[in-house]
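Work through the exercises below with the model open. Try each task before you read its solution.

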Amino acid sequence: MLLALWPGFALADQVFYPAKSGNADAPVLTVYSSLDEPLATPMIEGFQKANPDIAVHYEDMLTGEIYDRIVKETDAGKKTADFAFSSAMDLQVKLSNDGYAQVSNLPMSAAWPKWANWRNTAYALTFEPAVFVYYKPSFAHEPVPSSRAEFVDYLKRKGNEVYGRIGTYDIERSGVGFLFMARDQEQFGDIWSVIGAMGAAGVKLYSTSSAILERVADGRFVMGYNILGSYAADWASRHPDVGIVLPKDYTVVMSRIGLVPQAAAEPELGRRYLTFFMSREGQTILARELQIPAVSPEVAGENTANTLQELLGAQLRPVPVSPGLMVYLDQVKRARLIAHWNEVLRMQ
């Protein structure tokens, strides 16, 4: 799903979807995306069902590559993608803030949640919590930690029993892991006690969600911390021993952001795709077929922001789509946070 969390895609994977109308000369929508192409297929097929006269050229790549391609192509006076969809919230907002994205006034713009819409240029299109995951048999006789304080207490009590059996993202290699850690630092004054407790428990660090979830599913790990909920839900649906907890003290929610680049070759096609992405039909496909929670206020039922907010309310802390996201693109601040992270882990 998030190529930023999967190993080694050096080159963009390109797929062409001919127009359903059969017109070989149909206009072509070009998409740069960090959503793995097989998972994107239901959304593309839904879009083409509603727009049979449009072909789609889809390139999936790393989030940093999306940003670099759009900037380099634009600065060189070339055309770029018509639509960009990425989990790197900070980089997408930077594109918008620096003038590399167009204003897109769409039918759903006014109704879209304010935190999820930056000046009608960058739209949050998903609603994905950071969760605790756990190996169910390991908690047959005691409650699963449901807050960071309970997690620290569990690690201290279990000591050698869980040593080397805790996993989380390596914030130096995982963009999502870094985003979650940065939000933790903002939301929880005692976050370094959590990092210290994980260090003392011999925490293992990974750049991919699948590496952590695989080890939880087979019992090598007892818990994973701050794991992207959409991945966790997918694994739990296929592995009955994987459990999920949305931490009750607070649950960070990240989003994948869509925008129409300023130098789009066919900006109206990009806006048409973004409109479909934000529509009731598009958001329903996202929730039901891609298993990624939808953000639209018009969509209810399982796997939606509406349902999660009804159940959890203020516990949920969505990351706002705003220039505040760019704080940790400052290399000095980023390096300082990573250095402190490594120092706290090493001290243990």
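**Exercise 1.** Which residues does Ser96 touch, not counting residues up to four places away in sequence?

*Solution.* Ser96 touches Ala101, Trp118, Thr121 and Ala122. Contact here means heavy atoms within 4.5 Å. The model is predicted: local features need pLDDT of at least 70, side-chain atom pairs count only at pLDDT 80 or more, and totals for chains, interfaces and linings use all residues. Residues are numbered from 1 along each chain as its sequence is written, and side-chain values use heavy atoms, with hydrogens and water left out.

Ser96 is in helix H3 (residues 89–97). Helices (H or I, at least four residues) and strands (E, at least two) are DSSP runs, numbered from the N terminus. Ser96 has 10% relative accessibility, so it counts as buried. The classes are buried under 20% relative accessible area, exposed over 50%, and partly exposed in between (1.4 Å probe, protein chains only).

Last, look at the side chain. A polar contact of 2.5 Å links it to the side chain of Thr121. A polar contact is a pair of N or O atoms within 3.5 Å; within protein, one must be able to donate a hydrogen and the other to accept it, and residues adjacent in sequence count only if both atoms are side-chain atoms.

**Exercise 2.** Give the strand order of the open sheet of seven strands, and find which strands stand at the edges.

*Solution.* The order is E1-E3-E2-E4-E13-E6-E5, with mixed pairing. Strands pair if DSSP finds at least two bridges between them. E1 (13–17) and E5 (117–118) stand at the edges. Each has a single partner strand, so one side of each is left without a neighbour in the sheet.

Now take E3 (residues 55–60). Five bridges join it to E1, and the two run antiparallel. Val15 stands opposite Tyr58, and Asp13 stands opposite Asp60. E2 is joined to E3 by six bridges, and these two run parallel. Here Tyr32 stands opposite Glu59.

Sort the side chains of E3. Ala55, His57 and Glu59 point one way, while Val56, Tyr58 and Asp60 point the other way. Six of the six residues of E3 are buried.

**Exercise 3.** How do the axes of H1 and H10 cross?

*Solution.* Two packed helices are described by the angle between their axes and the distance between the axes. The axes of H1 and H10 (residues 280–288) come within 9 Å and cross at roughly 160 degrees. Axes are lines fitted to C-alpha atoms, for helices over the stretch in contact, and angles run from 0 to 180 degrees between N-to-C directions. H1 and H10 are therefore roughly antiparallel, a class that takes angles over 145 degrees. Pro42, Met43 and Gly46 of H1 meet Glu281, Gly282, Ile285 and Leu286 of H10.

**Exercise 4.** Is Gln48 buried or exposed?

*Solution.* Gln48 belongs to helix H1. Its relative accessible area is 1%, so Gln48 is buried. Now trace its side chain. It reaches the backbone oxygen of Tyr17 at 3.2 Å. A polar atom of the Gln48 side chain also lies 2.9 Å from the backbone oxygen of Ile54. Leaving aside neighbours within four places in sequence, the contacts of Gln48 include Pro18, Ala19, Lys20, Ala55 and Val56.

Key. Angles under 35 degrees count as roughly parallel, over 145 as roughly antiparallel, 65 to 115 as roughly perpendicular and the rest as oblique.
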